[in-house]
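Me: I would like to go through the pockets and cavities of this model with you. Could we begin with the structure itself?

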Amino acid sequence: MPGADAAGAPALPDRAPRTVDEVLADTQVESVLDELDTELVGLQPVKQKVRELAALLVIDRLRAAHGLGTGTPSLHMCFTGNPGTGKTTVAQRMATILHRLGHVRTGHLVSVTRDDLVGQYIGHTAPKTKEVLRRAMGGVLFIDEAYYLYRPENERDYGAEAIEILLQVMENHRDDLVVILAGYPDRMQTFFQSNPGLSSRIAHHIDFPDYDPPDLLQIADRMLDAERYRFGPGAREAFAHYVSLRREQPHFANARSVRNALERARLRQASRLFAERHAVLDEAALATLTVADFAASRVFRQAAPESATLPGASPCR
């Protein structure tokens, strides 16, 4: 039969991929996965889940080349985890993967919260929500702290209207838009229980664990290196002690809290150097954070006396 191979199966088009390697070479998806591995510290379960999703999409592409397509897959997702665990970064990389494998047109990411979707008076919510969806179409819509869309305790709240519009678009335009809902695990579970329509449209759930102390220190090393700072003698140990105390306090936000702590240490360093008005400041002085720059944190002041003492500490401020 013309157009058939030796086994009698229809011949594939000349340019159709036949192997996983060919799909990866055509789409450069593997480079995105490698970037994710190097860019994010730890998070092995998350990286594994992203690789599994990428594998599914690569095989779907090969199936389509063989005429085995089964329609547009549901790729809406839920990212659960505490703040500062890399959810937005993974969403950005996921948008790129989806674009390179042909599941969204542009691969851009639109990140929003409740305030971007829900209005404050009758007739305000629909145009706000539709405008966000218009901007996100062809890419990925990332809704952080999505559970705030639903506030059953307030009968005059308009979040339900935004959810209804979102549900329609998630179903009718799933070939042109992927929605990622994100938030704390327990609150997202309650949110889905209260909104079964949303729950049924989310096919993929990825849980982002908290970073452990060694990972947080590695994150700090990378952040300082990017800004051309470094720990002075004993300062890394002081920061490790800071992290161990800060993790036990409320509102700890993983990598975000690490960044904030380093920013405050930089402020203390700047104040310390500024006070040395006549000193000649060389590169080492300008780039080094000392024990005192960390020991002045109120985290140590709030800790038990036996936990707060560090060598080189100056009075807390």
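Me: Which residues lie nearest the centre of the largest pocket?

Reply: This is a predicted model. Nearest the centre of the largest pocket lie Gly84, Thr85, Gly86, Thr89 and Ala255, and the lining comprises 24 residues. The elements that contribute two or more residues to that lining are α4 (87-100), α10 (213-226) and α12 (255-275).

Me: What is the volume of the largest pocket?

Reply: The volume of the largest pocket is about 570 Å³.

Me: How do the residues of its lining divide?

Reply: The lining of the largest pocket divides into nine nonpolar, eight polar and seven charged residues.

Me: Turning to Arg256, where is its place?

Reply: Arg256 is found in helix α12. Leaving aside neighbours within four places in sequence, Arg256 is in contact with Pro83 and Gly84.

Me: Why is Arg256 classed as partly exposed?

Reply: Arg256 is partly exposed because its relative accessible area is 48%, and that class lies between under 20% for buried and over 50% for exposed.

Me: Next, the second largest pocket. What is its volume, and which residues are the closest to its centre?

Reply: The second largest pocket has a volume of about 220 Å³. It is lined by 13 residues, and the closest to its centre are Tyr242, Arg246, Arg264, Arg298 and Val299. Two or more lining residues come from each of α11 (235-246), α12 and α15 (298-302). The largest share, four residues, is that of α12. By class, the lining of this second largest pocket has three nonpolar, five polar and five charged residues.

Me: And how many cavities of 30 Å³ or more does the structure hold?

Reply: The structure holds two cavities of 30 Å³ or more. The largest cavity has a volume of about 70 Å³, and the second largest cavity has a volume of about 40 Å³.

Me: Which residues line the largest cavity?

Reply: The largest cavity is lined by Met223, Leu224, Glu227, Tyr229, Arg259, Leu262, Glu263 and Arg266. Both α10 and α12 give two or more residues to this lining, and the largest share, four residues, comes from α12. The lining of the largest cavity has four nonpolar and four charged residues, with no polar ones.

Me: What about the lining of the second largest cavity?

Reply: Tyr242, Ala261, Arg264, Arg268, Phe294 and Ser297 line the second largest cavity. Here α12 provides the largest share, three residues. This lining has three nonpolar, one polar and two charged residues.

Me: A change of topic: which residues of helix α8 are buried?

Reply: In α8 (residues 185-194), the buried residues are Met188, Phe191 and Phe192. They lie on the same side of α8 because they cover an arc of only 95 degrees around the axis. Asp186, Gln189 and Gln193, on the other side of α8, are exposed.

Me: What covers the buried residues of α8?

Reply: The cover includes β1, α7 (159-172), β4 (178-183), α9 (196-201) and β5.

Me: Finally, β5. Which of its residues make up the covered face?

Reply: In β5 (residues 204-208), the covered face consists of His204, Ile206 and Phe208, whereas His205 and Asp207 form the uncovered one. In a regular strand, side chains alternate between the two faces of the sheet. Strand β5 pairs with β1 (residues 77-81) in the parallel sense over five bridges, and His204 in β5 is the bridge partner of Met77.

Notes:
Residues numbered from 1 in each chain as written. Predicted model: local features only at pLDDT ≥ 70, side-chain atom pairs only at ≥ 80, totals over all residues. Heavy atoms only, no water. 1 Å grid on protein atoms, 1.4 Å probe; cavity = no way out; pocket = protein on both sides within 12 Å on 5 of 7 lines; lining within 4 Å. Points joined across faces, edges and corners; volume = space filled by probe spheres on them. Nonpolar A, V, L, I, M, F, W, Y, C, P; charged D, E, K, R; others polar. Buried < 20%, exposed > 50% of the residue type's maximum accessible area, 1.4 Å probe, protein only. Pairing = 2+ DSSP bridges. Contact = heavy atoms within 4.5 Å. Arc of directions from axis to C-beta.
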